[in-house]
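This report walks through one chain, from its overall build to single residues. Please keep the model open while reading.

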Amino acid sequence: MLKIEKVFCPDGSLEITLIGSVDELSPLDTGVGEVPDLIRVNCREVSRLNSIGIKIWINYFQELKKKGKQVIFQECSVPVVFALGMLSNFTAGYPVSSLFAEYSCEKCTNTFDVLFTVEKLVEIALQLPEMPCKTCSGPAHCSEGPEYLAFLKDTQRTQLLGSSG
């Protein structure tokens, strides 16, 4: 089940944080309610998406697009990034400003997520760098292959970065 937390910002925008599973019970339309012209969607805690939830998601954000709303996706969790890679219309054409990549340590097998801005990923040519393990400081690498960020190659840089905030 999806939980939605809302914070109205001083600039008039709305930041929503999505927590849990995006599924057939996801109340995006009723859970978010009326929205201002700019919405920031924090996906850090989206843990799972199923096919019906993805359909609800796509329909919701396509409706916002038709209404002329601006949306920026932030801190996309690994499951959200997988959906971005599989479905070209997953964000309804809205920009992604940051995402998580899962890393695994070669030494102690610890796994952890690392947040990257899309701007930084473009700077490093979409090559996820080796990172020190948060447990043992050993070398850790992204758990996924190069296809993990393939959706970024298919999207124009300006569309991905959008406006910041």
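For the charge count, Lys and Arg are taken as positive and Asp and Glu as negative, while His and the chain ends are left out. On that basis the chain carries 15 positive and 20 negative side chains. The centres of the two sets lie 3 Å apart. The model is predicted.

## Overall build

The chain holds 6 helices and 8 strands. Their order along the sequence is β-β-α-β-α-β-α-β-β-α-β-β-α-α. The radius of gyration is 16 Å, close to the 15 Å that the globule rule gives for 165 residues, so the chain is as compact as a globular protein of that length. The C-alpha trace spans about 50 × 35 × 30 Å along its principal axes.

Of the 165 residues, 45% count as buried. The chain exposes about 8600 Å², and carbon and sulfur atoms supply 52% of that area.

Strands of a sheet pair through backbone hydrogen bonds, either parallel or antiparallel. Both senses occur in this part of the chain, as the pairings below show.

Strand 1 (residues 2–8) pairs with strand 2 in the antiparallel sense, over 7 bridges. L2 stands opposite G20 of strand 2. The hairpin of these two strands has 5 residues between them. Within that hairpin, G12 takes a positive phi near 90°.

Strand 2 (residues 14–22) is mostly covered, with 8 of its 9 residues buried. Strand 2 also runs parallel to strand 3, joined by 8 bridges. Two residue pairs mark this pairing. L14 stands opposite I39 in strand 3, and V22 stands opposite L49 in strand 3.

Strand 3 goes on to strand 4. These two run parallel and are joined by 5 bridges. Here R40 stands opposite I72 in strand 4.

| Strands | Sense | Bridges |
|---|---|---|
| Strand 1 and strand 2 | antiparallel | 7 bridges |
| Strand 2 and strand 3 | parallel | 8 bridges |
| Strand 3 and strand 4 | parallel | 5 bridges |
| Strand 5 and strand 6 | antiparallel | 7 bridges |

An open sheet of 4 strands has the order 6-5-8-7, with antiparallel pairing. Strand 6 and strand 7 (131–132) are its edge strands, and each pairs on one side only. Strand 5 and strand 6 share 7 bridges. Y103 has F112 of strand 6 as its bridge partner.

E102 sits in strand 5. Is E102 buried or partly exposed? The cut-off for buried is under 20% relative accessible area, and exposed means over 50%. E102 has a relative accessible area of 28%, so it is partly exposed. Not counting residues up to four places away in sequence, E102 touches V78, T111, F112, D113, H141, C142 and S143. C9 lies elsewhere: E102 and C9 are 93 residues apart in sequence and 30 Å apart in space, C-alpha to C-alpha.

## Helix 3 and its cover

Helix 3 (residues 78–86) has V78, V80, V81, A83 and L84 as its buried residues. An α-helix has 3.6 residues a turn, so residues three or four places apart point the same way. What covers the buried residues of helix 3? The cover includes strand 3 (38–49), strand 5 (98–105), strand 6 (111–117) and helix 5 (150–153). V78, one of the buried residues of helix 3, is among the residues that E102 touches.

## Two loops with positive phi

E75 lies in the loop between strand 4 (70–74) and helix 3. Its phi is near 50°. E75 is buried, with a relative accessible area of 18%.

A92 lies in the loop between helix 3 and strand 5. The phi of A92 is about 55°, again positive in a residue that is not a glycine. A92 is buried too, with a relative accessible area of 13%.

Key:
Residues are numbered from 1 along each chain as its sequence is written. This is a predicted model: local features need pLDDT of at least 70, side-chain atom pairs count only at pLDDT 80 or more; totals for chains, interfaces and linings use all residues. Side-chain values use heavy atoms; hydrogens and water are left out. The radius of gyration is taken over C-alpha atoms; the globule rule is 2.2 Å times the number of residues to the power 0.38. Buried means under 20% relative accessible area, exposed over 50%, partly exposed in between (1.4 Å probe, protein chains only). Accessible areas come from the Shrake-Rupley method with a 1.4 Å probe; for residues, only the protein chains shown count as cover. The place of a charge is taken as NZ of Lys, CZ of Arg, CG of Asp or CD of Glu. Contact means heavy atoms within 4.5 Å. Two strands pair if DSSP finds at least two bridges between them.
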